[in-house]
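Have a go at each task before you read its solution.

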Amino acid sequence: MTTSPTKKVLLTSVCRPLGPASGDAPSVGYELLHRQVTRAQGIFSPRTVNAQFSLDYIAENLEAPTVVLQYPSKAELNRELKKGYDYVGVCFVMAVLHKMKETVALIRRYAPQSKIVLGGYGTVLDDAVLAPYADHICREEGVAFMRRLLGERVIPMPYRHPLTVSWLKIFGWKVSGTGKIFAGLGCPNGCDFCCTSHFFSRKHIRLLPEGKDIYAVIERYLDMDPGLVFLILDEDFLLNKKRAMDFRDCVKRGGRSPSIFAFSSIKAISQYTVEEILEMGIDGFWIGYEGARSGYAKQQGRPVEEIMTEFREHGITVLASMIVGFDYQDQDVVARELAGLMELKPALSQFLIYGPVPGTPFYQRVIKDNLLQDGYVKDPELFYRRADGFSTMIKHPTLSPEAIEGIQRWCFEQDFQRLGPSIFRVLEARLLGYLKLRNSPNPILREKAEYYARELRVAYPVFLAGRMLGPNPTVRRWIGDLERRIHAELGPPAATERLKSALAVGAALWTGLTLKLNLFQDPKLVRTTYRIPGRRWGAFELWEDLQQKLAIPELSLQVELQHAKKQVWMRLEGALSAAAAERLGQRIRDSLARSKNRVVLDLKRLQRDGTGDLRPLIENLAAYRSRIRLILPKVSAAHPELLLLASVFQHYRG
């Protein structure tokens, strides 16, 4: 059963502005790094907007016409609502429950006919809290829930994977694009404080079930932009060794070693050698350091000191997360634990207060033993608003709430003052890795060393700002020493790099001013349409029908609509005769004539021996060459007809 084409869906985040300046909790905002991990690092904090990626993932996998809004203003949401939607989904977390209520009020005012669906980790709250604001509440994997709600057929995993890229900025300059890979939900480790684990009842839902599925997504991203790095979103990616090793085999066979940041535990990491991890392309980890006596099962395995030291020597950066506020901790205990962590020199550090989230065992214990602070018992709305990891919610055996929150601030500041800005800590790890791996007998590890060297060279312009504006004299000297070590290995900066260094100082000072005055801190609206005709996307139904209406023996044709880019990606695998090339060219030409879309023809898997004369394809598409991009096999082995195609379509700028 398929949903009626008249049903339309709007999926949205809560409305901007967000953050403490708008009355939100300290870590609430659009950026995990700047608001949380590197919050004490000021102008040196890396900046990247974290959109509600789940909304685009769900939208990609529905059949209903869908629009996604990322961080609309109230006025922008109002304008969208007036276009008429059957369902409006709102994604939120508990700390922005108040923002969700404001969003729902706007929906009821401007789209009273719409059914409201609440989703996201904020739905850990029970129906007594949420039911007044929703017609439906999603507390499960979102694609299956929404398809069922819309009356759409069940589809198997792996689902269609959207290509979602975020951009990392230093001093306001873009330095890298990160492709998000949605590999799994939930975690079986079941730490007592972990919302994401208990939200899914300690089950791991593999959105990308096998290693080949993960690598296929990476290939798609690299075909789109070879310079991307990757973030695998999976709570403990390496825990399933079979999937991880299958992924490693795919990377080795594919010959395209990616740069990947992943989440994993000491328990999971201990199953692998550092060489195996690097062969997967992984060169960054988020690891739960937690506390020396926290005793979680995920911490069992090789000593954390051994792993983090080995990783750093091989260029693998580590974001270590530590918890303050455990029962056994006092100020001296935290100081000793912090000192132990600082000795390991993590590239990034996070310090969050041990807090109870509804649905977790810790929350159940807090309620059972009457450990919740009295103010939060009397005012649950205040509890929800401050549940961001930066407020003390419970009665500690020895420490006051003010003391715990002060210790947390001290940890962030000490991390910055002792180890310096994270951007330079990353570069130091990359230098160590380059020196370690550049002469490795393993060609994959030598390739990783070359990647580290390219990263270091691109970073030359940031050092002058670090030497001038670092947090203290010791750190500024260390940055200068690091710069000299890198120059000794990779060569002195060129004139253009020296000029960029001077410009970077100005950019850093401007960044500091915008932070001080709270200027330009909110992102702009991102609106993405899925299956909704428009001026540039009017022939989407022609592209969707292409696979069904163009059955060609010995040829597999896959069509992917990349909605965010208004682009059609077509993968051809198998043999293509001259007659089939004529039919295919006519179909693509007709669709291009009726739309403003761009087309990517992916011919990497086209059989060279079974492919005939491609001139009919060229003749049909030549008039649209400026809107067509080709992805070909390696030129050295390419079919002469494919080389002819390349010469005709070389003008695409995309």
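**Exercise 1. Is Tyr71 buried, exposed or partly exposed?**

Step 1: Keep in mind that this is a predicted model. The relative accessibility of Tyr71 is 4%.
Step 2: Buried means under 20% relative accessible area.
Step 3: Tyr71 therefore counts as buried.

**Exercise 2. Where does Tyr71 lie, and what is its phi near?**

Step 1: Go to the end of β2 (66-70); Tyr71 is in the loop between this strand and α3 (74-81).
Step 2: Phi of Tyr71 is near 55°, a positive value in a residue other than glycine.
Step 3: For background, most residues other than glycine have a negative phi.

**Exercise 3. Which residue does a cis peptide bond join to Pro17, and which to Pro158?**

Step 1: Start with Pro17, in the loop between β1 (9-12) and α1 (32-37). Its cis partner is Arg16, and omega is about 5°.
Step 2: Move on to Pro158, which sits in the loop between α6 (142-149) and β6 (165-170). Here the cis bond is with Met157, with omega about 5°.
Step 3: As a general point, most peptide bonds are trans.

Note on methods:
Residues numbered from 1 in each chain as written. Predicted model: local features only at pLDDT ≥ 70, side-chain atom pairs only at ≥ 80, totals over all residues. Heavy atoms only, no water. Helix = DSSP H or I, 4+ residues; strand = E, 2+ residues; numbered from the N terminus. Buried < 20%, exposed > 50% of the residue type's maximum accessible area, 1.4 Å probe, protein only.
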